Amino acid sequence: MELMALAKEKTQEQELEGKDALKVDLYFWLQALVMVLVALILIFTFVGRIIGVVGSSMYPTLHDGDLLLLQSIGYTPRQGDVVVLTKEFDASEGPIVKRVIATGGQHVVIDYDAGTVTVDGEVLDEPYINPEEVMRQPGGETLTDVVVPEGSIFVMGDNRNHSSDSRDVTLGTVDERYVLGRALWVILPFQDFGPIAHGTEA
C-alpha cells in the first residue's frame, strides 16, 4: 500500500512539474512576443512610418495603392530621394509622394520645349520618368526658374504630365519641416515589394 501511495505521489509530482514547465514556456513566449510588438511599435512611431500612395503622379516608380515604409527620424532630404510631404496646396489636402529635384541653394530651370530639368546648369539624367511621354507645361501659373531657399526642397512627380508639384505656385518650394520622411520600401502589394529607386545625376 505504501509503495502504491508513493508511486501515486510521484506521478502527481511529475504532472505538476510538467504543468509548471508548460507555464514557464508560455510565459517566456508571451514575454518575447510582447517585446517584439513593443519594438515594432517604437520603430514605426519614432523611426519609420507606413503610408499609402494615392494617384499616379509617381508612375512608373510607384503605383496607386502602394503601401510604403518611410524613414522619418534622422533624415535630411537629398536630391533624388522619394519623399512624403504634408504641406497642403490647391491640388491636395493629404500627404503627397514626390521626388526631390533640388535642395536649398540649388537653381532649377524647367525647359518644356527641350523637355529637360536643369539643376545648377546641368541637365538631370532621370531614368525613373516615363520615357514615352514628352513633358508638357501644366495649366495655370507655374514655376520654371527658381533658386530653392535654404531649408527647402523643390519636388516633382516622376509622371510629369500627371503630377501637381513644386511647379504649381500654390505649392512651390517646400520647407523641409513638411517632409514626413523618405520612402524606403514598397511593402504592399507583394508583387511590387522591394526597395525604391533613389538618386538623380546632373
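Here is a short walk through the structure, one selection at a time.

Keep in mind that this is a predicted model, where local features need pLDDT of at least 70, side-chain atom pairs count only at pLDDT 80 or more, and totals for chains, interfaces and linings use all residues. Residues are numbered from 1 along each chain as its sequence is written, and side-chain values use heavy atoms, with hydrogens and water left out.

**Stop 1: the sheet**

Start by selecting β5, residues 107-111. Helices (H or I, at least four residues) and strands (E, at least two) are DSSP runs, numbered from the N terminus. Two strands count as paired if DSSP finds at least two bridges between them. As background, strands of a sheet pair through backbone hydrogen bonds, either parallel or antiparallel.

What does β5 pair with on the β8 side? Strand β8 covers residues 145-147 and joins β5 over 3 antiparallel bridges; look for His107 opposite Val147. Strand β6 (residues 116-119) is also an antiparallel partner of β5, this time over 4 bridges. Select Ile110 and you'll find Val117 of β6 opposite, while Val109 has Thr118 as its bridge partner.

Next, follow the chain from β5 into β6: the two make a hairpin with 4 residues between them, and Gly115 in the turn has a positive phi of about 70°. Then colour β5 by face. Val108 and Ile110 are on the covered face, and His107, Val109 and Asp111 on the uncovered one.

**Stop 2**

Move on to Asp120, in the loop between β6 and β7. Its phi is positive, about 55°, although Asp120 is not a glycine. Most residues other than glycine have a negative phi, and most peptide bonds are trans. (Buried means under 20% relative accessible area, exposed over 50%, and partly exposed in between, with a 1.4 Å probe and protein chains only.)

Now select Tyr59 and Pro60, which are joined by a cis peptide bond with omega about 10°. Pro60 is in the loop between β1 (48-52) and β2 (67-71). Another cis bond runs from Leu188 to Pro189, with omega near -5°; you'll find Pro189 in the loop between β11 (179-188) and β12 (194-195).

**Stop 2: rings**

Which residues make up the structure's 1 aromatic pair? Select Trp185 and Phe193: their rings are 5.4 Å apart centre to centre, tilted with 45° between the planes. (Rings of Phe, Tyr and Trp, using its six-membered ring, pair if their centres lie within 6.5 Å; planes under 30 degrees apart count as stacked, over 60 as edge-to-face and the rest as tilted.) Trp185 is partly exposed at 33% relative accessibility, and Phe193 is partly exposed at 49%.

For another ring, show Tyr128: Arg99 lies over its face, at 3.7 Å from the ring centre. (That calls for NZ of Lys or CZ of Arg within 6 Å of the ring centre and within 35 degrees of the ring normal.)

**Last stop: a helix**

Finish with helix α1, residues 2-47, and pick out Val38. Val38 counts as partly exposed, at 42% relative accessibility.
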